[in-house]
Amino acid sequence: MGGQDNVETLVVLQPIAVDTASLDRTGMLVLANGKLVAILVRLEVPEHARCGAWFLEVGLGRLAGVRPPAFDTLEDATRWVRQHLKG
Amino acid sequence: MNFVPSPVPDPQAPGMLIRKLESIAPLSAGERQGIEGLPMRIHNLNARQDIVRDGDQPTHCCLILDGWACRYKLLSEGKRQILSFHIPGDIPDLQSLQIHRLDHNLATVTKVRVAFIPHESLGELTAKHPSLAAVFWRDTLIDAGIFRERLVSMGRRSAFEHIAHMFCELYLKMQAVGLAGNFRCSLPITQADMADALGLTPVHVNRVLKEMRDQTLITLRSSTLVIEAWDELLRVAEFDATYLQLRKRAAG
């Protein structure tokens with residue numbers, strides 16, 4: 001984020017339904033300073049090891065290909081995104 | 001590494017190697033005798049334990065007698081790529097006979113019984129029976145063929161096709177050494193292991209497995225894989241078993 005290094009990244013979540021070809025469909029668009037950087041999906045299928053956690057379904061830009069473990073809460077996910085975009 | 005020595009030698013250990021080699025090439029009586037004469041040190045290893053590590057210079061090869069092992073590489077931040085799974089009869093570090101420094105790790109997946117065979121003895125055996133050296137060579141060529149298929153899967157197959165392909169391969173490999181039949185075999189790997197082998201996340205593996213169950217292609221329970229629709233699984237995976245070079249190839 002050129003020129004904004006000393007400003008905390010503003011992370012905003014927007015609810016969205018996501019087609020994951022499974023029953024996991026509750027999602028959040030993750031916007032950082034107004035740009036789409038990731039999509040989180042809540043793990044709802046009981047077979048998941050971490051049912052109820054938020055999974056980074058897709059990462060874009062600097063989050064592309066990053067595979068963190070699922071997050072317990074949206075706050076944890078937001079904190080992770082902010083930290084990951086900082087460095 | 002803390003190996004627990006087995007109190008008694010295992011007379012069946014050479015048999016496992018013979019069974020494996022005979023699945024890819026015929027052996028003469030003399031060759032079988034030569035293998036039976038190989039000195040083998042038997043060890044019982046715990047699950048999730050390194051057998052040989054990246055950079056090691058082993059003086060023996062490791063024949064798997066029971067259980068599953070895997071080759072893997074470690075990347076930064078704890079990321080792991082599993083390169084291949086290995087079952088009884090396999091010698092996953094056979095290459096250490098010729099390439100002295102290992103360029104990856106070999107670890108147990110489950111509890112494993114292994115036989116360590118000194119390089120020196122394998123060298124003597126192949127000098128005495130050059131045709132056995134050719135069989136070992138053949139085995140490493142098949143190993144390379146398995147890697148080619150894996151490369152195709154990683155690059156061009158969907159997660160669904162890749163997993164289907166891996167199940168077909170593992171079933172046929174197990175069947176070839178008499179450890180599977182009736183479209184049923186043990187699959188003692190976790191979804192996290194599968195994810196590390198396929199370059200996926202455990203979440204994606206979980207979804208694909210559920211989809212496969214929903215389509216009645218497979219059932220997977222208590223570490224047992226049952227292939228419910230073999231022909232359909234072959235079709236989905238575009239699986240052609242030629243690369244395994246098995247002498248008896250019909251599944252069942």
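How do helix 1 of chain B and helix 2 of chain B lie to each other: parallel, antiparallel, perpendicular or oblique? Let's find out in the viewer.

This is a predicted model, in which local features need pLDDT of at least 70, side-chain atom pairs count only at pLDDT 80 or more, and totals for chains, interfaces and linings use all residues. Residues are numbered from 1 along each chain as its sequence is written, while chains are lettered from A and ligands numbered from 1 in the order in which they are written.

**Stop one: two helices.** Select residues 13–22 of chain B, which are helix 1, and residues 29–36 of chain B, which are helix 2 (helices are DSSP runs of H or I, at least four residues; strands are runs of E, at least two; both are numbered from the N terminus). Their axes come within 9 Å and cross at roughly 140° (axes are lines fitted to C-alpha atoms over the stretch in contact, with angles from 0 to 180 degrees between N-to-C directions). The two helices are therefore oblique to each other (under 35 degrees is roughly parallel, over 145 roughly antiparallel, 65 to 115 roughly perpendicular, the rest oblique).

Now show side chains: Pro14(B), Leu17(B) and Ile18(B) of helix 1 meet Arg32(B), Ile35(B) and Glu36(B) of helix 2 (contact is C-beta atoms, placed from the backbone, within 7 Å).

Select residues 218–221 and 224–227 of chain B: strands 10 and 11 pair in the antiparallel sense over four bridges (pairing needs at least two DSSP bridges). Leu220(B) has Leu225(B) as its bridge partner. Two residues separate the strands, and Ser222(B) in the turn has a positive phi of about 50°.

**Stop three: between chains.** Eleven residues of chain A and seven residues of chain B make the contact.

Notes. Contact = placed C-beta atoms within 7 Å.
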